[in-house]
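Student: I'd like to learn how to read a protein model. Could we go through one together, feature by feature?

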Amino acid sequence: MFRSRVVAIAASTTLLFGVVVCRLACVQLIRGPEFEALAVKRRIGAEDLRAHRGRILDRHGSPLAYDVPGFDLHCRVGYLIRGSVLGAVHWTHVLFDRADGREVAERRFCRPDLEIESLRSSDLETIGKPDWKEEAREILRSLLVSVSSNGGGVRRASVDSRPADEIPLGESLTDSGRRILREQLASGATVGERWADGVRLLALMRRPTFGQILENPALSVEPLLRVTSAEVAAIADRTFRSECVSLFANLAGTDRDRVLAVLKTATEPSFLLVALAGSVNEARQRVLEGLARDADRLRGIAVAAGVELSTFLEGLDDVWLRAETRVRSRVGRFLLEDPDANPREVANVWRQYFRDYPFRSERLFRGIPFEGVLTVFESALPGLTVEERAHREVRSREAFHVVGWTGLVTRGELDEMSSRREELRGLTVDGGLPLLAKLELDRLEEGRLRQDDIVGRAGVEQRLEGALRGRHGYQKVLRDRRGRPIEVVEERKPSAGHDVTLTLDMGLQSRAIEVLDGRKGAVIILEVATGQVLCLASSPSLVYSDFRERYRELASDTDQPLINRACRIPKGVYPGSTFKVVLATAGLEEGIITEESTFHCRGSLRPGQVHSFRCLGHHGDIALRRAMARSCNVYFYKLGEALGSERIAEWGRKFGFGSECGIELLEDGGYIHSKKTSPAPWGKGDTWHVSIGQKQVVVTPLQVAVMVSIIAQDGISIRPTLVRKVGEEATPPPERRVVAISDETLRLLQESLEEVVVSGTAADTGLSAFGAAGKTGTAQVGGELPDETWFVGYAPAASPRIVVCVFLEDTLGSTAETVVPIAREMMAAYFGEKEGGGEG
Amino acid sequence: MKGWPRQSDAEVVRHLSSPFGGAAGPWGREATPLGRFLMPGLWQRLDFVILLVTGLLLLIGRLFIESASYLSLTGTVAGYATRQVQWIVLSMFVLFVTVAVRYTRAAQWSVVLYLLMLGALLYTLYLGDVRKNSRRWIMLTDTYGMQPSEFVKPVLILCLAQLLRFRRRPGVPRSLLLTVVLTLIPALLIAAQPDLATALLLFPIAFAMAFVAGARIRSFVILAVVGLLSILPIYVFALHDYQRERIKTFVFPGAADKAGEGYQVDQSIIMIGSGGVFGKGLGEGPQNRLNYLPERHTDFIFSVVGEEWGFVGCLLVLGLFWVLVLACLGVALRIREPCGRLIAVGVATSLAIPVFVNTAMTVGAAPTTGVPLPLVSYGGSSLLSHMVGIGLVLNVNLRKIPVIARGDFGP
């Protein structure tokens, strides 16, 4: 019997070991790869490395729009319930309730209330014990006073007004971080250096450790030294206790250095509060003090971030809500809203979430100033971190409309891109994608947008988005259990977007804005031989920061300051007499007029009638040259009548009207109506209107400039272009198109346009000094409204180098008083500069 | 048994009269180099399998404790490995002493040892040092301390062996009841520390010994029923919050609070699973190096083995333990002397049960308990206690006291 029983014991031992071996086989052999993946997921976290957007430069290489180093304030949700800012608030709740002996509000564990007002009203009453009820009330009262005194709005003055050297270097910085910072502040480094250093600084300080927090002299560890193990054992709250026990067991009665040494290895933020508290009662008090202190720190951070404290708290609340939404979507039922839900279960859902995403951070505020970064690190609130992210800076005013602006990518755009990717992936045939789909997919992956990315919304920023946008990199970081980064295991450097060099000459551009002086209008200067746009000014122009602040207001402004008047049509823009160039060309080419043929002008087409088609004067028999110079309307009425609206429209289209010019901006095409295409019934008067560029013809200043450049270039039309180089690569020369006009006609037109400057409507205005040729124009918008005035011309007439087009809305007065001086100024600026540059 | 020379009456007499025990070997007592301190025939009678396996397990333990003492935060290595070596050296000495003293003598003195042990437990309970929320320790210096609860096992084994050796059928009410009471007293003292797992692990040892000693199956059934009936009141009234939490975590893993109680097991399974077949190599396990698992040098050392040596390493460790347990049981089968038999069985059980509980815990097949892996986990008290046990078995095997157990003639 003995033998058999011993054998039985041997057998059952074997059986038990067998169970473990089976379980091991299951875990290691069958599910091994699965756990391996899980292990990797737990210890390696990926972080985006954001790429810079390319710069936009003018033709001489000075930057118009560029990324500047910027910092966003982030909040790590995982810390919120662990005793940091929000934790302090929410702990107070829990402790209040415990003190009262009721566990009713354990639910608050999941939802710290951020409104301090409501904290007072709802919770002060629930404090049961009289002895610390008073204290709590006192602290909360002072807190509330300080909160409400901030209601008027905190500004950053207190941070910014100090000279750089006096900004206290945070005790929480590492030595190297401090050194870099000091050097940086001392040297007044350039943008690029600031950027690099800022990033390095962040890498060094990304997560201040507990030890660094403790180096802060504001916190005392003295109470800690007096803690006895009995006090620890008496801690009622289990979480408190288990955290404390291991800490205090080795600490009681030892010296300060040793305490610090032990604490430095701890990282749990809630340790701090408990550790410094000493005992439970003191802990309660400390929590309340912590609340006040945190509020102070919060205020400091709010000031640093340039927002009001209330806004800041709302931001925190927002972050919390976002996290809650995620948790809710994970739970899949409305556990969190269920008042009868088991608080423990709810807390578990949260903890599970924080376990899965321990370091997930949510953006609180964008673009805090560099000094604010320091404040955040000094405050050493564990839940708050700073992430670097670029902000777009645009050189103000001069080239606002050309450069355009950027905005955050929207949820919709992201969804659209990802659904397109899905769609492309779905096209798989026989395990492979079709070539085109693969190419598109690659491109989509390449330029993949992340949340919070900025994309161009207008101007060159928008049209050259593909070139400007960089490719994001990533970094896979090995982390230990507490989330401390150990090493970078995999990295793809971000590659910045290409710089785009424009053809704009900022000298001319700023001169144009200057002479336009806020009047609504546009100035364009084209280089005749190359089609390059040297100046494309639209007025009123805007200061970028102003634009950021007042976007909504500006967007609904009836003056439409956001529209680029050089190539967009805010409301009817009529070419007026400048359109006579088209009429004259058409008449000559169609053989209706010759150089000598005349029409008779009696000052009006139908004298004596109320709705008469008037001329500027009484010109009598008049031939083409003089008709152009004097801008005789009757001549062109009659010519237009002879041509008919169809042929006018046809010639208009040959000159590029009615369709976009092809510049690298968003532009309008305008239209020329004729009898056939008109939506309304066509009368004889409509043909007459078209003949002098009114009502049925809508154009952009850029089209008018191109029209004149065709005459100046002897019938060659060049697509106007704004982009000179993308990256280091020069863009190919713009396309050319030959407009079939006889040399005779061109010569005659060029002479006519010279005549305008010599003896016509633009005579004696100083334009002849540049040997210019051109055409003025005045368009009646209708009724009593002010006119639109034009000057378009080129210089020098003998061998044209530039085309200048000036357009003003809402003007009173003749062209000679309004637009022609502007044109003169621009030519002076161009030639003066050219001469000066060439000889000097 | 085969292979052992039959002893003459003279040898038996000499054996029984020698202070350090031991029969004369083929060379006679005077022939051994160390004279009377070492028994003649030592080298033939020493169970080298047990010694070898114990040595291997100690070595493996030392390797993995070093591997598990890397602190990723500071990049330093905690001093566990060095201290463990000191403990190993000490335990070797204890082993030598245990082997040298005749076990029958020790068994005769077991009542005294038992009372001393109860005294130590009471001292711990009232004057011990608090560590990790319980009073289990008597600290000798800042870093060196003893856990008296660990030494309950060998003393209880000796005591029960002495009690049960001549009971052919120790049935209820007397012998078995006494066994239960003898076990229950230290168990309750340990449970009050609180250290429920260590307390509960005394019972399998006692029952295995009673079982082998010939207790009726019926008696066990009655005991089992009583035990089951007492579970609920114990769960409700006697357990601490955290203990209930652990049991809940084990029974309902889905509802587990993964960040807290469930975290360790969760992390342990991931570590073991990620080891795969051959593991990451000693000292190379990423989760280990990054300190993902708290207490990995003590209770969760097996997880480190799993991660760094993989399935093969786990099989090796479990296999070594299996060989060790079977070798001890083999001694029990070989020996005729009833007290020695029971000691061997008791020691075998006192090894097998913690090994199972610990390894099963690390793979999530048993609730989380603070039971270390014998011989491998860091910890001096546990190591000494198990070495005493192994010493007793070696001792039993060495003596070969030619007493005929009653059971040999039984029906």
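Tutor: Axes are lines fitted to C-alpha atoms, for helices over the stretch in contact, and angles run from 0 to 180 degrees between N-to-C directions. Helices (H or I, at least four residues) and strands (E, at least two) are DSSP runs, numbered from the N terminus. Now the case: H34(A) lies across S23 and S24 of chain A, running at about 70° to S23(A).

Student: Where do these numbers and letters come from?

Tutor: Residues are numbered from 1 along each chain as its sequence is written, while chains are lettered from A and ligands numbered from 1 in the order in which they are written. This is a predicted model, where local features need pLDDT of at least 70, side-chain atom pairs count only at pLDDT 80 or more, and totals for chains, interfaces and linings use all residues; side-chain values use heavy atoms, leaving out hydrogens and water.

Student: How many helices and strands are there in chain A, and how many in chain B?

Tutor: Chain A has 35 helices and 25 strands. Chain B has 17 helices and 5 strands.

Student: And what share of the residues in each chain is buried?

Tutor: Buried means under 20% relative accessible area, exposed means over 50%, and partly exposed is in between (1.4 Å probe, protein chains only). In chain A, buried residues make up 53% of the 840. In chain B, 57% of the 411 residues count as buried.

Student: What about the surface itself?

Tutor: Accessible areas come from the Shrake-Rupley method with a 1.4 Å probe; for residues, only the protein chains shown count as cover. Chain A exposes about 36,300 Å², with 51% supplied by carbon and sulfur atoms. For chain B the accessible surface is about 17,300 Å², and 69% of that belongs to carbon and sulfur atoms.

Student: How do I read a sheet?

Tutor: Look for paired strands: two strands pair if DSSP finds at least two bridges between them. In chain A, an open sheet of 5 strands runs in the order S14-S13-S25-S24-S23, with antiparallel pairing. S14 (533-539) and S23 (773-779) of chain A are at the edges with a single partner strand each, so one side of each has no neighbour in the sheet. From one strand to the next, the twist averages 5°.

Student: Which residue stands opposite Gly774(A) in S24(A)?

Tutor: That's Gly793(A). S23(A) and S24(A), residues 787-795, pair in the antiparallel sense over 7 bridges. Helix H25 (residues 506-516) of chain A also packs on the sheet, touching S13, S14 and S25 of chain A, and its direction makes about 30° with that of S14(A).

Student: How are H33(A) and H34(A) oriented to each other?

Tutor: Angles under 35 degrees count as roughly parallel, over 145 as roughly antiparallel, 65 to 115 as roughly perpendicular and the rest as oblique. The axes of H33 (701-712) and H34 (743-759) of chain A come within 9 Å and cross at roughly 120°, and the two helices are therefore oblique to each other. Ile710(A), Ile711(A) and Ala712(A) in H33(A) meet residues of H34(A), including Leu746(A) and Gln750(A).

Student: Can we finish with single residues in chain B?

Tutor: Take Ser91(B), in helix H4 (residues 80-100) of chain B. Ser91(B) is buried, at a relative accessible area of 0%. Beyond neighbours within four places in sequence, Ser91(B) contacts Leu383(B), Leu384(B) and Met387(B).

Student: Is Gly340(B) buried or exposed?

Tutor: Gly340(B) is buried, with a relative accessible area of 0%. This glycine sits in helix H16 (residues 338-362) of chain B. Leaving aside neighbours within four places in sequence, Gly340(B) is in contact with Tyr103(B) and Val396(B). Gly340(B) and Leu158(B) are 182 residues apart in sequence and 9.1 Å apart in space, C-alpha to C-alpha.

Definitions and conventions
Contact = heavy atoms within 4.5 Å.
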